[in-house]
Amino acid sequence: MSFTVAIDGPAAAGKGTISRAVAAHFGFAHLDTGLLYRAVGARMLDGLDPVEAARTLDPEALERGDLRAPEVAQAASKVAAIPEVRAALVDFQRAFAMRAGGAVLDGRDIGTVICPEAAAKLFVTASDTVRAGRRFRELSDKGVETSLEDVLAEMRERDARDSARAAAPLRPAADAVILDTSRLTIDEAVAAAIETIRTRQPD
Ligand code: CDP
Ligand code: CDP
C-alpha cells in the first residue's frame, strides 16, 4: 500500500534533515526533489537547454558532486520557473510517491501539485536569518568560501523567485501542518514531524 508524506518549505528550513529522519523512522523511501532541479540547473550551466536537460535527466545526474554549490542552487531556481521543465519531472516524482511501503518527498510543490492527495503534509519553515546561518555553517564545513551576507542574499533571492513564479509557486498547501523550526533542535523538529505523520497512519 502507498503512503505519501509531502514536506515542503523554503531554502535550508530543515526539509531534507527531517525527511531523512522520518524515512528512517517509518521505513519509507525518500526523494529530495530539489536535487532534480539542481541537476537540471547544473546541466544548464554546462550549456544544455534546460527543457532538453529535464526531459533527458537520468538518475546518475543526481549523483553529481557539485549539486550543493550556491551557483547551482540559483540555476535550479531559474530552471524551476519554466513550466516545461517542471512538467518533464512530474511522472518520475509521482511514481516515486506511489511506491509500495511509503515515500517521503521534499521540495516546494509536493503538497500542492505533485501529491495533492498525500496522507501527511508538512510545511517546514524558519526565519530567513536562522536558515541562512544554518546554510552558511553547512557550506563552511564543506570548505566552500562564502559569507553569511552572501548566503542570506542568495537565499532571499531564490525564495522570492520560488514564491513569485506562476508555475507551482512555493506556498503551503491548505491542509499542511506548519512546522517552524527557528527555535527547535533537529531532534525536536523530527519528533514533531513524526507525531504529525503518526496521527495520519491507518491503525
Ligand atoms: O532541506 P533543506 O534545505 O530545507 O534543509 P536541510 O539541508 O535539511 O537543513 C539545513 C541545515 O540546517 C542542516 O545543516 C541541518 O543540520 C540544519 N538544521 C538545524 O540546525 N536545525 C533544524 N531544526 C533543522 C536543520
Ligand atoms: O536545499 P534547498 O532548500 O536550499 O534547495 P532545494 O530544495 O535543493 O531546491 C533548489 C531549488 O529547486 C529551489 O530553490 C526551487 O527553485 C527548486 N525546487 C522546486 O521548484 N520544486 C521542488 N519541488 C524542489 C525544488
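G16 is found in helix α1. Helices (H or I, at least four residues) and strands (E, at least two) are DSSP runs, numbered from the N terminus. G16 is partly exposed, with 17 other C-beta atoms within 10 Å. The cut-offs are as follows: a residue is buried if 20 or more other C-beta atoms lie within 10 Å of its own, exposed if 12 or fewer, and partly exposed in between, with C-beta atoms placed from the backbone. Neighbours within four places in sequence set aside, G16 is in contact with D32 and D106. Contact requires that the C-beta atoms of two residues, placed from the backbone, lie within 7 Å.

The model is predicted; local features need pLDDT of at least 70, side-chain atom pairs count only at pLDDT 80 or more, and totals for chains, interfaces and linings use all residues. Residues are numbered from 1 along each chain as its sequence is written, while chains are lettered from A and ligands numbered from 1 in the order in which they are written.

The protein contains 9 helices and 5 strands. Along the sequence, the pattern reads β-α-β-α-α-α-α-β-α-β-α-α-β-α. The radius of gyration of the protein is 16 Å, close to the 17 Å that the globule rule gives for 203 residues, so the protein is as compact as a globular protein of that length. This radius is taken over C-alpha atoms, and the globule rule is 2.2 Å times the number of residues to the power 0.38. The C-alpha trace spans about 50 × 35 × 30 Å along its principal axes. Of the 203 residues, 41% count as buried. Among contacts between residues at least 6 apart in sequence, 75% join residues at least 24 apart.

Strand pairing was examined next. Two strands pair if DSSP finds at least two bridges between them. Strand β2 (residues 29–32) pairs with β3 in the parallel sense over 4 bridges. Here D32 stands opposite D106 in β3. The pairing of β1 with β3 is also parallel, over 5 bridges. A6 has L105 as its bridge partner in β3. Strand β1 (residues 4–8) pairs in the parallel sense with β4 as well, over 4 bridges. In β4, K121 stands opposite A6. Strand β5 (residues 177–180) runs parallel to β4, joined by 4 bridges. In β5, D180 is the bridge partner of T125.

Strand β3 (residues 103–107) is mostly covered, with 5 of its 5 residues buried. A103, L105 and G107 lie on one side and V104 and D106 on the other, and all are buried. In β4 (residues 120–125), 6 of the 6 residues are buried, so the strand is largely enclosed by the rest of the structure. A120, L122 and V124 point one way from β4, and K121, F123 and T125 point the other way. In a regular strand the side chains alternate between the two faces of the sheet.

Helix α5 (residues 83–97) includes A97. A97 counts as buried, with 24 C-beta neighbours inside 10 Å. Residues up to four places away in sequence not counted, A97 touches T4, A103, L105, I114 and C115. A97 and L62 are 35 residues apart in sequence and 17 Å apart in space, C-alpha to C-alpha.

The loop between β1 and α1 (15–26) holds G9. An unreviewed UniProt entry places the feature "binding site" at G9, P10, A11, A12, A13, G14, K15, G16 and T17. UniProt positions follow the numbering used here, feature names are shortened, and annotations may be inferred rather than shown by experiment. G9 is buried, with 26 other C-beta atoms within 10 Å. Beyond its neighbours within four places in sequence, G9 is in contact with K15, F123, V124 and T125.

A residue is near a molecule or strand if its C-beta atom, placed from the backbone, lies within 6 Å of it. Of the 15 residues around ligand 2, G34, Y37, S77, A80 and G107 come nearest. The elements giving two or more residues to this shell are α2 (34–45), α4 (70–79) and α8 (148–164). By class, the shell has 6 nonpolar, 4 polar and 5 charged residues. Ala, Val, Leu, Ile, Met, Phe, Trp, Tyr, Cys and Pro count as nonpolar, Asp, Glu, Lys and Arg as charged, and the others, Gly among them, as polar.
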